[in-house]
Amino acid sequence: MIKGEIMKKIILMILLLGVSLSANLVNDGLKAHNKGNKVKANKLWTQACDAGEMMGCNNLGTLYSIGDGDRVRQDKVKASEFYAKACNGGEMLGCFNLGSLYSIGDGNRVRQDKTKASEFYTKACNGGHTGACKNLSYLYLDGDGVIQDKTKASKLFGKVCDGGDMSGCFNLGLSYFNGDGVRQDKTKASEFYTKACNGGYAGACKRLAFLYSDGDGVRQDKRKAKELFGKACDGGEMGSCTLVGILYATGDGVRQDNGKAKELYNKSCNGGDTAGCASLAFMYLIGDNVRQDKRKAKELFGKACDG
């Protein structure tokens with residue numbers, strides 16, 4: 001009995017040592033890859049994969065999917081084989097990558113197949129891969145490779161949100177706002193927009209700002225709306241910069257300040273928002289808090305038109 005217990009411990013130690021060694025091969029491969037030595041990375045990940053370390057197989061798949069000239073030639077078929085091995089071995093990143101490979105396709109070598117993509121995304125999502133849940137949600141939302149199911153899509157948005165991806169919270173907010181796949185509920189929409197906004201998703205701050213501006217699903221609060229448009233602007237949402245500019249120009253919920261409005265219009269215009277360019281053009285056209293300059297106004301109207 002004692003000998004049997006000792007033998008079990010020895011076997012366990014050997015297995016753990018093997019796992020540790022194969023994991024080291026994966027890490028060493030990453031170091032070699034980051035230093036630009038793709039050939040060495042290939043060799044180390046091959047050893048890891050052969051030893052049963054599925055992350056090694058996945059990394060090989062990525063290496064062949066991208067390629068590196070003559071040193072490691074791009075081969076999407078080989079990539080799919082290594083991703084499949086990783087996926088079958090329980091590595092959800094391999095399932096996700098295989099789903100992405102089928103989603104995009106590669107001509108005749110790996111044909112685009114959204115249905116197959118959905119199958120691998122489903123497996124990865126069920127295994128806890130948030131990115132797979134996200135991609136799968138869009139397939140169900142659009143009916144791309146699967147039967148359109150907005151209820152399923154909204155449930156997946158929730159899973160993505162719970163996984164820490166703020167785009168999922170934002171999309172679930174949109175679902176509640178529009179009543180897509182769920183019963184319309186503007187208050188719930190505001191809650192998910194708030195979560196996404198607090199998590200750094202600028203588009204959600206903008207959507208939430210509109211709700212507070214109109215008193216839609218929340219108590220109307222123009223000052224709060226201005227703060228949220230400002231937060232969206234600071235997060236790179238240029239349309240929101242224009243909207244804050246309009247608030248300052250009209251004194252809606254804030255003290256009127258045409259100088260601040262001009263500054264925000266300029267920022268949004270330079271950031272590619274055509275409405276910002278048009279608003280700034282009007283200021284130059286009529287000389288509103290700027291020296292009248294019809295030539296400048298024409299240039300800005302042209303920029304808005306070209307955009």
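This is a predicted model: local features need pLDDT of at least 70, side-chain atom pairs count only at pLDDT 80 or more; totals for chains, interfaces and linings use all residues.
Biologist: How many disulfides does the structure hold?
Modeller: Seven. A disulfide here is a pair of cysteine sulfur atoms within 2.5 Å.

Biologist: Start with Cys125. Which cysteine is its partner?
Modeller: Cys133. Their sulfur atoms are 2.1 Å apart.

Biologist: Why is that disulfide of Cys125 and Cys133 called right-handed?
Modeller: Because the torsion about the S-S bond of Cys125 and Cys133 is about 100°.

Biologist: Are Cys125 and Cys133 buried or exposed?
Modeller: Cys125 and Cys133 are both buried. Buried means under 20% relative accessible area, exposed over 50%, and partly exposed in between, with a 1.4 Å probe and protein chains only. The areas come from the Shrake-Rupley method with a 1.4 Å probe, and for residues only the protein chains shown count as cover.

Biologist: What about Cys161?
Modeller: Cys161 is joined to Cys169 by a disulfide, S to S 2.1 Å. That link of Cys161 and Cys169 is right-handed too, with 90° about the S-S bond.

Biologist: Why does Cys161 count as buried?
Modeller: Because its relative accessibility is 3%. Cys169 is buried as well, with a relative accessible area of 0%.

Biologist: And which cysteine pairs with Cys233?
Modeller: Cys241, with the sulfur atoms 2.0 Å apart. The link of Cys233 and Cys241 is right-handed, with 100° about the S-S bond. Both Cys233 and Cys241 are buried.

Biologist: What is the nearest cysteine sulfur to Cys305?
Modeller: That of Cys277, 11 Å away. Cys305 is in no disulfide. Cys305 is exposed, with a relative accessible area of 64%.

Biologist: Now charges. Which residues form the positive surface patch with Lys31?
Modeller: Lys35, Lys40 and Lys43. Patches are made of residues with over 30% relative accessible area and no salt bridge; like charges are joined within 9 Å, and nonpolar side chains (Val, Leu, Ile, Met, Phe, Trp, Tyr) within 5 Å. Lys and Arg count as positive and Asp and Glu as negative, while His and the chain ends are not counted. The place of a charge is NZ of Lys, CZ of Arg, CG of Asp or CD of Glu.

Biologist: Where is Lys31 found?
Modeller: In helix H1, residues 2-34. Helices (H or I, at least four residues) and strands (E, at least two) are DSSP runs, numbered from the N terminus. Lys31 is exposed, at 52% relative accessible area.

Biologist: How many salt bridges does the structure hold?
Modeller: Seven. A salt bridge is a side-chain nitrogen of Lys or Arg within 4 Å of a carboxyl oxygen of Asp or Glu.

Biologist: Which side chain meets Asp165 in a salt bridge?
Modeller: That of Lys134, at 3.5 Å, N to O. Asp165 lies in the loop between helix H8 (150-162) and helix H9 (166-178), and Lys134 in helix H7 (residues 130-142), so the pair ties together parts that are 31 residues apart in sequence. Asp165 is partly exposed, with a relative accessible area of 22%. Lys134 also counts as partly exposed, at 24%.

Biologist: And Glu237, which residue does it meet?
Modeller: Lys206, in a salt bridge of 3.6 Å, N to O. The pair links distant parts of the chain, 31 residues apart. Glu237 is in the loop between helix H12 (222-234) and helix H13 (238-250), and Lys206 is in helix H11 (residues 202-214). Glu237 is partly exposed at 22% relative accessible area.

Biologist: What about Glu263?
Modeller: Glu263 forms a salt bridge with Lys260, the closest N and O atoms being 3.7 Å apart. The two are three residues apart in helix H14 (residues 258-270), so about one helical turn separates them.

Biologist: Last one. Where is Cys95 found?
Modeller: In helix H5, residues 92-104. Cys95 is buried, with a relative accessible area of 0%. Cys95 and Tyr121 are 26 residues apart in sequence and 6.6 Å apart in space, C-alpha to C-alpha.

Key
Residues are numbered from 1 along each chain as its sequence is written. Side-chain values use heavy atoms; hydrogens and water are left out.
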